[in-house]
Structures are given as C-alpha cells and as structure tokens.
Amino acid sequence: MDQNRPVETQPGYDPDRLLDAMLEKLQLKNDAALCRALEVAPPVISKIRHRRLPVGASLLIRMHEVTDMSVAQLREILGDRRQKYRLSDVQGKPK
C-alpha cells in the first residue's frame, strides 16, 4: 500500500461502510440521528459521505466511546489499513 497517498484515495477506503455500520450498531434510522448520537454537526457526516472530508482521529475516538468498538475495528471497517501515521513537518511546530 502506498504510504504517501492520502488515505481517502487508497483502494478499499469506504467511509460509507463505516457510517452505515454505525447506523446499524446504534440502531439509528438516518444520518441526522447519527449526528446527534456522535454529537457532531450534520455537515460533518455529509462531507464524510461525499468524500470531501476524511474520517479524523477525534471522530474515530468518539465512535469508539459511543459503540465500545475498538479504534482498530472501526479502522478495519473504514478500510484504513495503514500501519503507521506520519505527522506533517508543519504540525506541532511553534510559530
């Protein structure tokens, strides 16, 4: 797997599968109910569904808290199979 490509462009990455699994696990009817359960704004879920926004770490952690599924399980459903995460050179540097 190409570690240099963004995860949202890698084969197998499917945020719809993760969101649908969350709906099923929490027995919710739609994305609006999922937004309320995860305490996120509706545009966040919409942007993830339309692949304009990747599933971030904070959202994965929130999904873990709500469902008691491990982050590894959530990433597996999502199709994120990266072994390591690399931070940008810009992140964490003082201005």
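Reply: Just after H2, Glu 39 has a positive phi, about 60°. Most residues other than glycine have a negative phi, and most peptide bonds are trans. This is a predicted model, in which local features need pLDDT of at least 70, side-chain atom pairs count only at pLDDT 80 or more, and totals for chains, interfaces and linings use all residues. Residues are numbered from 1 along each chain as its sequence is written, and side-chain values use heavy atoms, with hydrogens and water left out.

Now the helix itself. H2 covers residues 31-38. Helices here are DSSP runs of H or I with at least four residues, strands are E runs with at least two, and both are numbered from the N terminus. At the start of H2, a side-chain oxygen of Asn 30 comes to within 3.2 Å of the backbone nitrogen of Ala 32.

Four residues of H2 are listed next. Ala 33, Leu 34, Cys 35 and Leu 38 are buried; that means under 20% relative accessible area, while exposed is over 50% and partly exposed is in between (1.4 Å probe, protein chains only). An α-helix has 3.6 residues a turn, so residues three or four places apart point the same way. The buried residues of H2 pack against H1 (15-25), H3 and H4.

Take Leu 38. This residue sits in H2. Leu 38 counts as buried because its relative accessible area is 1%. Leaving aside neighbours within four places in sequence, Leu 38 is in contact (heavy atoms within 4.5 Å) with Met 22, Ile 45, Leu 59, Arg 62, Met 63 and Val 66. His 64 is 26 residues away from Leu 38 in sequence, and their C-alpha atoms are 10.0 Å apart.

That brings in H4. Met 63 and His 64 of H4, together with Leu 60, meet Val 71, Leu 74 and Arg 75 of H5. By class, this contact has four nonpolar residues, one polar and one charged. Ala, Val, Leu, Ile, Met, Phe, Trp, Tyr, Cys and Pro count as nonpolar, Asp, Glu, Lys and Arg as charged, and the others, Gly among them, as polar. H4 (residues 57-67) and H5 (residues 71-78) pack at about 115°, axes 9 Å apart. Axes are lines fitted to C-alpha atoms, for helices over the stretch in contact, and angles run from 0 to 180 degrees between N-to-C directions.

Next, H3. Arg 49 lies in H3, residues 42-49. Its side chain makes a polar contact of 2.9 Å with that of Asp 20. A polar contact is a pair of N or O atoms within 3.5 Å; within protein, one must be able to donate a hydrogen and the other to accept it, and residues adjacent in sequence count only if both atoms are side-chain atoms. Not counting residues up to four places away in sequence, Arg 49 touches Asp 16, Leu 19, Asp 20, Leu 23 and Asp 31.

Two loop residues also have a positive phi. Gln 27, in the loop between H1 and H2, has phi near 55°. Gln 27 counts as exposed because its relative accessibility is 72%. Arg 51, in the loop between H3 and H4, has phi near 60°. Arg 51 has a relative accessible area of 43%, so it is partly exposed.

Last, the whole chain. The protein chain has five helices and zero strands. Of its 95 residues, 27% are buried.
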